[in-house]
Amino acid sequence: MLNLKHVLKPAVWAAALSAMISPALAEETILIAGWGAKSGPLRSFGVNSEAVLKAAVKEVNDSGGIMLADGTKANLEYIYFDSACNAEQAISVARKVASETRALIGIGPTCSGAAAAMFGVFQKTVGDDNDTGLQFPILTDTAVRNGLAKISQWTFRNTPNEPDMYDKLFAWVAKTYPDLKTIYGGTETDQGHSNGTYSRVIVQASKRYGFDWATGDIEGVTGDLGSGYTEVLANSSNWLMADTNFSVQARAFKKSEADIYIISSHPFTTCGMLKELKRRRAEPKLLIGLTSSSSAEVMKGCAEAAEGMVIPTSFAPITPAAEKVAMLANENGGDADLHSAAAWENVMIIKQVIESAGVENKPETLMADRRKIRDGLETLERTEGLIGQVQRVQDEGEALKPYVFVQAMGGKWSVIHDPRSIQ
Amino acid sequence: MAFYFGLLQTIGIHTLLGLSAYVLLLTGQLSLAQVGFFAIGAYVSGILTVIFEYHIVPGLFAGALAGGAFAFLVGFPALRVKGLMLVVATIAFSEIVRLFFFNLNWRVMVNGVEVGPDSTQGFREIRFYAANGWDTFDVVLFIWLFVIVVMAMLWWLDRVRAGATLRAVGADELAAQSSGVNIVAVKVTAMTVGGVIAGLAGGLYAHSATYVDHLTFSVLLATFAVAYPILGGLSSVFGTLIAVIFVQGILIEGMRFLGDWRNILFGLLIIVAMNFRPSGLLDGNVLSRIRRMIGHGKPDGGGRHA
């Protein structure tokens with residue numbers, strides 16, 4: 001026969017023990033929302049981000065959850081939406097999350113164009129009662145195009161600073177390879193990130209460090225960011241994201257006889273272009289790629305053709321923390337790269353901000369909690385990144401992340417230069 | 001409610017885009033130029049409200065007029081061709097427009113901030129609504145005011161001689177011409193009206209999304225524009241609205257929770273819908289039944305049912 005005393009006794013002890021050990025876990029979880037491209041040509045970006053986000057949320061919960069203002073601890077919970085790479089869908093998800101869920105903050109979206117549109121529907125200046133934009137904090141992990149976060153004071157990014165990365169890269173190339181003098185390149189012109197970074201950042205950085213355009217000087221390019229960018233595009237050999245044939249472009253690259261080829265595109269066309277260059281036996285002395293291509297997709301798709309390609313990246317498994325995230329991402333069906341790994345950092349930043357800002361996580365304090373998180377993000381000066389400390393650029397909502405230079409070697413990305421100690 | 005109001009905005013804008021193609025489809029013309037007129041309306045109205053700081057109403061009208069003007073100009077050469085050749089010609093026009101905006105760089109300082117179209121980086125911060133204190137419900141009312149006016153006009157058009165002329169040209173061009181209908185005038189007029197509606201929709205889109213770039217105005221959007229009236233049916237102006245609700249409300253938003261399966265089901269459900277309702281979701285039979293239900297239709301067979 002069941003003895004009630006025997007059942008109750010351990011239960012009472014367990015309850016008492018848990019009350020003594022730590023503040024009890026609150027019943028209500030803290031909800032965060034993520035969204036990105038889980039369909040279309042950039043699907044892998046959303047898959048990778050969600051995989052890392054899932055791992056980060058588990059890590060937080062395994063370590064006891066997040067401390068709320070009243071001293072209780074709450075577990076973290078996430079929801080993830082597919083917003084494709086589409087402005088209307090990104091806006092729609094942002095509105096849904098902000099108005100229909102109790103999410104305290106959002107992480108996303110993937111594409112810069114979608115982010116530029118989505119950020120535009122947020123309140124531009126905090127506290128401006130005449131501005132009816134959304135009042136919901138965002139900490140973006142992927143959309144990397146320069147200067148997006150300043151569109152609204154509610155939007156923040158933890159994405160790398162490409163102008164700084166390529167400046168340091170060309171400084172290093174000039175020093176390490178003094179014999180290399182000429183460059184030539186191309187980009188996928190229909191992608192704002194690839195195109196903008198190539199024509200406004202990369203070519204200018206090369207100019208600053210004395211590299212010459214292989215087919216003759218480009219008018220208007222002075223080395224200043226964005227100088228002569230239309231002429232850069234006109235003098236390059238470009239392609240589109242949906243292209244599958246690169247023979248004309250590869251022929252132009254080979255004909256340029258440049259020492260350095262710049263291929264500024266996402267993994268899919270990067271591989272197409274690299275394979276065509278290899279087929280044509282175009283052999284530059286150095287290949288330089290776009291940050292977004294320092295990913296597992298390139299290694300899976302064209303490791304042999306990419307051999308030797310150098311890319312600056314804000315993520316590489318070079319610290320125990322980064323190694324762990326890379327492993328967890330794989331376990332969750334994704335890959336950690338400079339975009340997706342930021343989702344891990346973002347979750348840890350969110351934990352830190354919630355605990356320091358005194359978030360209550362109650363239905364009646366939802367709007368106040370969101371505001372506290374936004375204000376908390378704004379006051380951050382430094383955050384812990386996976387490969388080092390990340391500096392926050394307060395007035396722009398942006399980050400200055402540490403980075404390394406990786407090179408494709410034998411089917412994997414290997415760190416060939418680590419400028420973190422110099423910064 | 002912001003999400004639902006946002007969805008209503010999207011449905012309203014896409015309904016206008018679909019109606020711009022509907023007018024042309026009535027005359028039997030399949031045009032993919034609507035997205036080009038949509039882009040022109042978006043950029044013109046955006047430039048006027050952001051760079052020249054106009055109120056949105058004149059901005060929208062200017063965008064609509066610009067869309068109509070280009071449609072009028074395109075109408076003459078494009079309508080010399082028919083069927084698939086017209087599709088190709090109108091795709092070419094839309095691509096010319098897209099590439100023009102792809103290269104358009106017009107950055108000026110307004111109130112200490114650099115604004116305007118920035119070629120491949122797009123045209124950001126078209127924030128008239130939020131910056132002027134319009135909440136999402138105000139925007140819904142504003143957009144749907146235009147949708148209702150345009151639908152009412154097209155509904156009325158279907159009940160007067162002009163509408164009959166449009167349908168006559170669409171049904172049998174040769175017979176209509178034999179009856180004295182000026183085919184070129186009808187087609188160019190339809191193209192122009194479609195251009196005005198698409199330009200208006202584009203202006204509303206730019207201000208709703210706050211950002212436009214060349215990728216927005218892709219062939220995919222042009223395909224959606226003609227798919228709405230075809231899927232909804234050409235028997236009534238309401239067919240386009242129903243198709244937009246089906247696509248935007250159910251297939252895109254309603255199935256978002258399905259994750260990766262959403263896109264597979266998206267195509268599948270459209271195929272199923274077109275198979276079960278080849279003349280559109282709101283075809284002539286459904287319309288007759290609806291009319292009978294509300295007591296406005298003439299009884300079939302000329303007699304009262306027992």
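Student: How is chain A divided into domains?

Tutor: Bearing in mind that this is a predicted model, chain A is divided into domain 1, which takes in 30-160 + 319-402, and domain 2, which covers 162-313. The contact between them draws on 14 residues from domain 1 of chain A and 17 residues from domain 2 of chain A.

Student: What separates the centres of the two domains?

Tutor: Taken over C-alpha atoms, the centres of domain 1 and domain 2 of chain A are separated by 31 Å.

Student: OK, switching to chain B. How many residues of chain A are in contact with it?

Tutor: In chain A, 41 residues are in contact with 38 residues of chain B. The area buried between chain A and chain B is about 3000 Å², with carbon and sulfur atoms giving 45% of it.

Student: Which residues of chain A lose the most area to chain B?

Tutor: Those are A:Glu88, A:Arg95 and A:Thr132, which together account for 19% of what the chain A side buries.

Student: How many salt bridges and polar contacts are there between the chains?

Tutor: Between chain A and chain B the count is three salt bridges, and one involves B:Asp118 and A:Arg200, whose closest N and O atoms are 3.1 Å apart. Across this interface there are also 22 residue pairs in polar contact, with both residues at pLDDT 80 or more.

Student: Which helix of chain A gives the most to that side?

Tutor: Helix 3 of chain A gives the most to the side that touches chain B, with 10 residues. By class, the residues on that side of chain A divide into 11 nonpolar, 18 polar and 12 charged.

Student: New topic: where is A:Thr269 found, and is it buried or exposed?

Tutor: A:Thr269 is found in helix 9 (residues 267-279) of chain A, and A:Thr269 counts as buried because its relative accessible area is 1%, while the cut-off for buried is under 20%.

Student: What is A:Thr269 in contact with?

Tutor: Leaving aside neighbours within four places in sequence, A:Thr269 is in contact with A:Glu188, A:Trp239, A:Leu240, A:Met241, A:Asp243 and A:Phe246. The side chain of A:Thr269 also makes a polar contact with the side chain of A:Ser265, at 3.3 Å.

Student: And why does A:Ser152 count as buried?

Tutor: A:Ser152 counts as buried because its relative accessibility is 3%, and the same cut-off of under 20% applies. A:Ser152 is found in the loop between strand 6 (138-140) and strand 7 (155-157) of chain A.

Student: What does the side chain of A:Ser152 reach?

Tutor: The side chain of A:Ser152 reaches the backbone oxygen of A:Gln123 at 2.6 Å. Not counting residues up to four places away in sequence, A:Ser152 touches A:Phe119, A:Phe122, A:Gln123 and A:Lys124.

How values were computed. Residues are numbered from 1 along each chain as its sequence is written. Chains are lettered from A and ligands numbered from 1 in the order in which they are written. This is a predicted model: local features need pLDDT of at least 70, side-chain atom pairs count only at pLDDT 80 or more; totals for chains, interfaces and linings use all residues. Side-chain values use heavy atoms; hydrogens and water are left out. Domain bounds come from an automatic or database domain assignment. Contact means heavy atoms within 4.5 Å. Buried area is the accessible area (1.4 Å probe) that two parts lose on being put together, summed over both. A salt bridge is a side-chain nitrogen of Lys or Arg within 4 Å of a carboxyl oxygen of Asp or Glu. A polar contact is a pair of N or O atoms within 3.5 Å; within protein, one must be able to donate a hydrogen and the other to accept it, and residues adjacent in sequence count only if both atoms are side-chain atoms. Helices (H or I, at least four residues) and strands (E, at least two) are DSSP runs, numbered from the N terminus. Ala, Val, Leu, Ile, Met, Phe, Trp, Tyr, Cys and Pro count as nonpolar, Asp, Glu, Lys and Arg as charged, and the others, Gly among them, as polar. Buried means under 20% relative accessible area, exposed over 50%, partly exposed in between (1.4 Å probe, protein chains only).
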